[in-house]
Amino acid sequence: MAESPWLRVQFDTVLPCARANKQLMVLYLALYITALGTDGLKSSVPGIGSDQFNDSAKGEKKDTIKFLSWFYFFVNFGSLAAVTVLVYIQDN
């Protein structure tokens, strides 16, 4: 999408607002979709994953903590990697 001509910033003196409105619409739509997807993932998966462990058993409480720690580590690492790759692609 970033390669679409109508999404590129162009300094148009005739109709500058019409082009900016389309770009803002795409930006806000992408942000809302990202927020919805992140909300669904971050709120559902940890609860479902931690339900697989029995907290009354001796070793499983540590396993629950380990699962949640690794889960959040990979969620944040994936976000960092995605942003880094995106910036690299845009620069080159």
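Among contacts in the protein between residues at least 6 apart in sequence, what percentage join residues at least 24 apart?

**Figure 1. Overall view of the predicted model.** Of the contacts between residues at least 6 apart in sequence, 25% join residues at least 24 apart. The protein contains two helices and zero strands. Its 92 residues include a buried share of 9%. The accessible surface amounts to about 7,800 Å², and carbon and sulfur atoms account for 67% of that area.

**Figure 2. Close-up of a nonpolar surface patch that includes Tyr28.** The patch is formed by Leu24, Leu27, Tyr28, Leu31 and Tyr32, which together present about 530 Å² of accessible area. Tyr28 is located in helix α1, which comprises residues 16-50. Tyr28 has a relative accessibility of 44% and therefore counts as partly exposed, because that class lies between the limits of 20% for buried and 50% for exposed residues.

**Figure 3. Close-up of the surroundings of Thr64.** A polar atom of the Thr64 side chain lies 2.9 Å from the backbone oxygen of Glu60. When residues up to four places away in sequence are not counted, Thr64 touches Ser50, Phe53 and Asp55.

Technical notes: Residues are numbered from 1 along each chain as its sequence is written. This is a predicted model: local features need pLDDT of at least 70, side-chain atom pairs count only at pLDDT 80 or more; totals for chains, interfaces and linings use all residues. Side-chain values use heavy atoms; hydrogens and water are left out. Patches are made of residues with over 30% relative accessible area and no salt bridge: like charges are joined within 9 Å, nonpolar side chains (Val, Leu, Ile, Met, Phe, Trp, Tyr) within 5 Å. Accessible areas come from the Shrake-Rupley method with a 1.4 Å probe; for residues, only the protein chains shown count as cover. A salt bridge is a side-chain nitrogen of Lys or Arg within 4 Å of a carboxyl oxygen of Asp or Glu. Helices (H or I, at least four residues) and strands (E, at least two) are DSSP runs, numbered from the N terminus. Buried means under 20% relative accessible area, exposed over 50%, partly exposed in between (1.4 Å probe, protein chains only). Contact means heavy atoms within 4.5 Å. A polar contact is a pair of N or O atoms within 3.5 Å; within protein, one must be able to donate a hydrogen and the other to accept it, and residues adjacent in sequence count only if both atoms are side-chain atoms.
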